[in-house]
Amino acid sequence: TLASDLQKQRGKSLVIAGETQSPAVHALAHAINHALGNIGTTVVYTEPIEASPVNQFAALKQLVGDMNSERVELLLMIGGNPVYDAPAELNFVAALRKIPLRVHLGLYNDETAEQCQWHIPEAHYLESWGDARAYDGTVSIIQPMIYPLYNGKSSVEVLAVLLNKPGLTGLEVVKEHWKTQIGGDFEKAWRQTLHDGVLAGSALAALTVSPRAAWASSLKPEVASGIEIVFRPDPNIFDGRFVNNGWLEELPKPITKLTWENAALMSPETAVKKLNLASEARPFEANGKVIEIESNGRKVSAPVWVLPGHAHDSITLALGYGRTRAGKVGTGIGFDAYRLRTSDAPSFTTDVKIRVTDARMDLASTQEHFSLEGLGERQIIRTGTLAEYKKDSNAIFGAEKHEPGRDLNLYSHFEYKGYSWGMSIDMNSCVGCNACVIACQAENNIPIVGKELVKKNREMHWLRIDTYFRGSIDNPETYFQPMLCQHCEQAPCEVVCPVAATVHDAEGLNVQVYNRCVGTRYCSNNCPYKVRRFNYLLYNDYETPSLKLMRNPEVTVRSRGVMEKCTFCVQRIMHAKIESEKENRAIRDGEIVTACQQTCPTEAIRFGNINDEESGVSKLKKEPRSYGVIAELNTRPRVSYLADLRNPNSELESTVKREESQHG
Ligand code: SF4
Ligand code: SF4
């Protein structure tokens, strides 16, 4: 089915092999793109940026060989943390100790810094001058946002010292280099490049290439048996470099919703049938059971997490945890998957033995926190196919939106004469990446609470991404629904607050008056969307100087005993109002961008004035796909969602269904 689909789209399709795949798989992908006529249209080849590309693993192995035979007198490490993450078989730390003089330039005083006589504090990339090339070769000059906060030095400054040019600033080093590359009026070209962000005309020329004859003869089929281990950078803390960042630790990971650690991810079938960790009726009882994974004589113990839709006979381990020197937040959490990862098998290995232990760990996943009730009967997630939509959009998304009539109301009607704020979120666009959650946390001084309190449902995020699975446990559809305060026009929280700490304002915002809140939490109890967060303890640290710099000065830093929740970034609304009043005009559509909207890479979020028929958000709210979540409660939410519209290949769908029925 896929092949015939691709054939129908010759010159317009693209086959991409994942970056962790073997050279053989990459060769196949190139050949398929060539056969489909994609070269020059969707695929462009250029010369490599480095004149002679180096196999980094081979170079590192050679260096470690030299270190072991004591041929290295001085080793300067520019960034990185090889003592923690070098391939396991190299035993980098033992080789490093044989070098008389060891120097490390790094952002952190980490495992590698600990083994060196000299550690140079590195300037952050937002504090440094530098240069880089884009994927097509285009040169860009990196400009710092601020002076180094802690007198750090950038890599170009350290290298300049080694090249006998001490005292040069990063700007001077970068400028001096590009002076030799850009001819003509350099000052003018330099200023233009800084202004544009890129050096005009520096993209590499496209090459015409075609596969060698008999290219396929050298490919060897990969024979896999037993269980495979897949190594992946963690979605939050990447390769471990961000492990000391509490925001990223507490951020529920996409799909699993795990916080504060990694786990051995596997399919229900692998947990039940291969490892016998749980019964078929209750596969999720395997969650938290500890397995011991052994490869090449090295072992790690990891808690299991069963994930619907995960590939069978495969276990995914996230890298980056199990650090021994990573600061107060990041040291000692999770397990270190690098211990199993070798230079011959950096992405996956089948050379493993698994032993089930009696131990169990308590993991902190937020998947079932703040659940909306009635998933089956209330259409919290609405979805349909393009074909169904074309046939009758109302049948899928509901012309009948289940909203009670406007007159069915106990309260008097309030007429908004000026602005009336609202939001639309497109579930078709949302990919569940979590960027908006962190943006909201940064913008609004939202604290973290730690793993023990996450386990008690006490995480403080004002915006969460609800993840829903539908269909078979082996191959489910997955839906993401960003959930925040809906600023209900008829807000159930407001009527139960005994001290009027949560009230409506004249522009439709549901506001929280922190000074009035006495902490009864009736509002949170009465909120059907479960978006209110209570400061049970004093989570914010008011004293540490570096944390003061982190906070948004336009937003209150809350204390113990106060309820809080999404404000629709009221500080941004006020800022736009002040600017518009100074210029004696109305706020323009698109002038207010909430922090979550600003950060969303897929532009799934739109905010604006719903009193203006012509505003972008008003138009989205009129789309047939637009609906309010549990609006049948007569809450009249100001946030609406655009239902998820899918466009599956009907032939492929029936193949999947056939295979599923064959496998029961
Ligand atoms: Fe957070 Fe502002 Fe988005 Fe509300 S509108 S979820 S406060 S970023
Ligand atoms: Fe979805 Fe956008 Fe938020 Fe990512 S940033 S989770 S795509 S709404």
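## Around the two ligands

Let us begin with ligand 1. The residues around ligand 1 are Cys440, Asn444, Trp462, Leu463, Leu484, Cys566, Thr567, Phe568, Cys569, Thr594, Ala595 and Cys596, where a residue is near a molecule if one of its heavy atoms lies within 4 Å of it. By class, this shell holds nine nonpolar, three polar and no charged residues; here Ala, Val, Leu, Ile, Met, Phe, Trp, Tyr, Cys and Pro count as nonpolar, Asp, Glu, Lys and Arg as charged, and the others, Gly among them, as polar. Cys596 is buried at a relative accessible area of 9% (buried means under 20% relative accessible area, exposed over 50%, and partly exposed in between, with a 1.4 Å probe and protein chains only).

Ligand 2 has 13 residues around it, and the nearest are Cys430, Cys433, Asn434, Cys436 and Cys600. Its shell divides into ten nonpolar, three polar and no charged residues. Cys600 is buried, with 14% relative accessibility.

How many disulfides does a search of the whole structure find? The search finds zero, a disulfide being a pair of cysteine sulfur atoms within 2.5 Å.

## How to read the model

This is a predicted model, in which local features need pLDDT of at least 70 and side-chain atom pairs count only at pLDDT 80 or more, while totals for chains, interfaces and linings use all residues. Residues are numbered from 1 along each chain as its sequence is written, chains are lettered from A and ligands numbered from 1 in the order in which they are written, and side-chain values use heavy atoms, with hydrogens and water left out.

## Salt bridges

Searching the whole structure gives 30 salt bridges, each a side-chain nitrogen of Lys or Arg within 4 Å of a carboxyl oxygen of Asp or Glu. One of them joins the side chains of Asp313 and Lys274, at 2.8 Å from N to O. Asp313 lies in the loop between β10 (298–306) and β11 (314–319) and Lys274 in helix α11 (residues 268–274), so this pair ties together parts that are 39 residues apart in sequence. (Helices, H or I with at least four residues, and strands, E with at least two, are DSSP runs numbered from the N terminus.) Asp313 is partly exposed at 27%, and Lys274 is partly exposed at 45%.

Another salt bridge pairs Lys455 with Asp362, at 3.3 Å from N to O. Because Lys455 sits in the loop between α15 (451–454) and β17 (464–470) and Asp362 in the loop between β13 (353–360) and β14 (364–365), the pair ties together parts that are 93 residues apart in sequence. Lys455 is partly exposed at 29% relative accessibility, whereas Asp362 is exposed at 52%. Asp362, Glu452 and Lys455 are linked in a network of salt bridges.

## Two residues with positive phi

Phe370 is not a glycine, yet it has a positive phi of about 55°. Phe370 lies in the loop between β14 and β15 (383–385) and is buried, at 16% relative accessible area.

Asn634, also not a glycine, has a positive phi of about 65°. You will find Asn634 in the loop between β24 (626–627) and β25 (639–642). Is Asn634 buried or exposed? Asn634 is buried, with a relative accessible area of 14%.
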